[in-house]
Amino acid sequence: MHLQSPCLVIANIAELCRELRIDYLDMAGNAHLNIPPFYIDIRGKKPPQEHQIQHARKLTGKAFQPKGMKLIMMLLLKPELVNQPMRVLAEQAEIAVGTVKQVLDDLKQLTFILDKGIKGVVLNEKDLLLTKWLDAYPHNMEAKLEQRLYVPQDIEQLRNAPLDKYGALWGGEVAADAYTHYLTPKTYQIYADAEAHKALLKTFRLRRLRAEETGVNILKIVEPPVVLEKIKGALPSCVAPLLVYAELLNSDDLRNIDTAKRIYRDYLV
């Protein structure tokens, strides 16, 4: 293939460019330029390590897929787990040991886990890891959890009840209010497994939300991503601030975003 006029391609496909006789320059400094009397042919240069890392971080691999998201969640909640055996990590995240290995390999390649030799391994750039986890949260975690919408007969009775007694925990705006005392809840979200779900239905006389209903208090009951005890926060009947933070950011509500900033400052830094 012969081009009618000089053309330079900024590329990452060197061999193809040579075959097509297209002049190119890549990010590592390799180049091919054949415009007589000038001829330049530079090959074999590798991109700087930071460029390789940035490129790798664009690839999700297993780490930010649904099962990997659960392991990262547990590592963000309990960073000390990073030095535990894979079987312990598998138990904590409730995923297979083989999946744990794949996720850990991804996190090492992305330099989110660093080997410090005799000091063991550590989580690196936790803020960036949190950001990437949050980016994937709506589609690869929250959307994978079973959710049902109800109308409570008495929302104040429900709010004042010790939910942990029923094996359930508040998330969303109610938990955010408990942690910050800054937000008046307008929506209600509870994490409950199947058994706790049934107990809540019976005790608080919850009924399913009808499609045409508006102007009522809506309660969302969500299946927890792991056994509830693992994501329990320091406050009674509330999930850990990490999940509350993710839920608030996912709501796209300006008052929730403002509250999320407070949760990040007080509990996640």
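Modeller: Contact means heavy atoms within 4.5 Å. Leaving aside neighbours within four places in sequence, Leu249 is in contact with Leu134, Ile257 and Ala260. Two points on how to read this: the model is predicted, so local features need pLDDT of at least 70 and side-chain atom pairs count only at pLDDT 80 or more, while totals for chains, interfaces and linings use all residues. Residues are numbered from 1 along each chain as its sequence is written, and side-chain values use heavy atoms, with hydrogens and water left out.

Leu249 belongs to helix 10 (residues 241–251). Helices are DSSP runs (H or I, at least four residues), numbered from the N terminus. Ala260 is 11 residues from Leu249 along the chain, and their C-alpha atoms are 6.7 Å apart. Buried means under 20% relative accessible area, exposed over 50%, and partly exposed in between (1.4 Å probe, protein chains only).

Now the rings. The whole structure holds 5 aromatic pairs. Rings of Phe, Tyr and Trp (its six-membered ring) pair if their centres lie within 6.5 Å; planes under 30 degrees apart are stacked, over 60 edge-to-face, the rest tilted. Trp133 and Tyr137 have ring centres 5.5 Å apart and planes at 50°, so this pair is tilted. Both sit in helix 6 (residues 126–140), 4 residues apart, which means about one helical turn separates them. Trp133 is buried, at 0% relative accessible area. Tyr137 is buried too, at 2%.

Technical notes. Helix = DSSP H or I, 4+ residues; strand = E, 2+ residues; numbered from the N terminus.
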